[in-house]
Amino acid sequence: MSQFVEIARPKVNLTLRILGKRPDGYHALASLVAFADGPSDRLTLDCARPRGITVTGPFAGSIGGVNLLETLLDLVAEATGAVTAHVPLPRFGLVHLEKNLPVAAGIGGGSADAGALLRAIRLANPALATAFDWNAIALRLGADVPVCLLNRAAFMTGIGEHLTPLVDLPRLAAVLVNPLVSVPADKTARVFRALAAQPLPEGHASPLAPDRLSREMLITLIDRGNDLEHAACDVVPAIADVLKELRSVPDCRVAAMSGAGPTCFGVFDDAHQSTRAAEVIAARHPDWWVSAARLG
């Protein structure tokens, strides 16, 4: 078998607490993370073709700077070279990304693509599955990449490296909305600067993962908001418009921002309501990216 296909689903921060700024400059967080079934990127690793990266899809042209996937291939090759000589060289190939998710959107698009490529490489190289720490490679690429490598609902702490899988997280009918406005290249850094978080208290202990959440309990947690929302609205004012629109749609139980934005999501009682809401919002704002999805 030479071709491996992985789906890169959007990562959605159902909750996001910023616990404080660490001495190393990173921010300690606690977040309930789910993944959306519906819109997604599609990544294909073809080991029968020479190493390279191609990108197509509606958001292919939005990718700027050094491609994260190229960096990932280099990191895997470096990790392989650092272990014993008995480990074979990794089998790479042509990576093709179908880019259907908005870029720099707060839904881990690039991180989800990196997680998908890591999974594809691991499948293509079973001898390397336990040769080194795949999560460590993921974390070198970004704080969201470990959970995107896991590709399932989890409670995330630290800067993103500590993950507790959530087996029974209730599934939610939702609408994802991105205003498709231009955002600064350093959007996330600006959001954290605007947040101006206090230093992490000495002796801080990360919170424990919630246990056995009911659907109503989960909605209550989402309603407590995202600690980055106000700072993100200062950096990207269109986020406030998206949240206002979601909250005005009939049957929306709660709306919140994912990550550092600008993508926001609304939760509904069933797929019929979320589909109808997506249609209404898309009709009102044809220049926005709108998609019904199932979170879980």
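Helix axes are here lines fitted to C-alpha atoms over the stretch in contact, and the angles between them run from 0 to 180 degrees between N-to-C directions. Helices (H or I, at least four residues) and strands (E, at least two) are DSSP runs, numbered from the N terminus. The model is a predicted one, in which local features need pLDDT of at least 70 and side-chain atom pairs count only at pLDDT 80 or more, while totals for chains, interfaces and linings use all residues. Residues are numbered from 1 along each chain as its sequence is written, and side-chain values use heavy atoms, with hydrogens and water left out.

Helix 1 (residues 68–82) packs against helix 2 (residues 109–124) at an angle of about 35°, their axes lying 10 Å apart. With contact meaning heavy atoms within 4.5 Å, L68, L69, L72, L73 and V76 of helix 1 meet G110, S111, D113, A114, L117, L118 and I121 of helix 2. By class, this contact comprises 9 nonpolar, 2 polar and 1 charged residues, where Ala, Val, Leu, Ile, Met, Phe, Trp, Tyr, Cys and Pro count as nonpolar, Asp, Glu, Lys and Arg as charged, and the others, Gly among them, as polar.

V12 has its place in strand 2 (residues 11–13). It counts as buried because its relative accessibility is 1%, the term buried meaning under 20% relative accessible area, exposed over 50%, and partly exposed in between (1.4 Å probe, protein chains only). Leaving aside neighbours within four places in sequence, V12 is in contact with L32, V33, A34, L176, S258, F265 and L295. Of these contacts, S258 is 246 residues away from V12 in sequence, yet the two are 5.5 Å apart in space, C-alpha to C-alpha.

Both F132 and W134 are buried. R122 lies over the face of W134, at 5.6 Å from the ring centre; a charge sits over a ring if NZ of Lys or CZ of Arg is within 6 Å of the ring centre and within 35 degrees of the ring normal.

Turning to the backbone, most residues other than glycine have a negative phi, and most peptide bonds are trans. A cis peptide bond, with omega about 5°, joins G261 and P262, and P262 lies in the loop between strand 11 (254–257) and strand 12 (264–268). A104, in the loop between strand 7 (94–98) and helix 2, has a positive phi near 55° and is partly exposed, with a relative accessible area of 40%.
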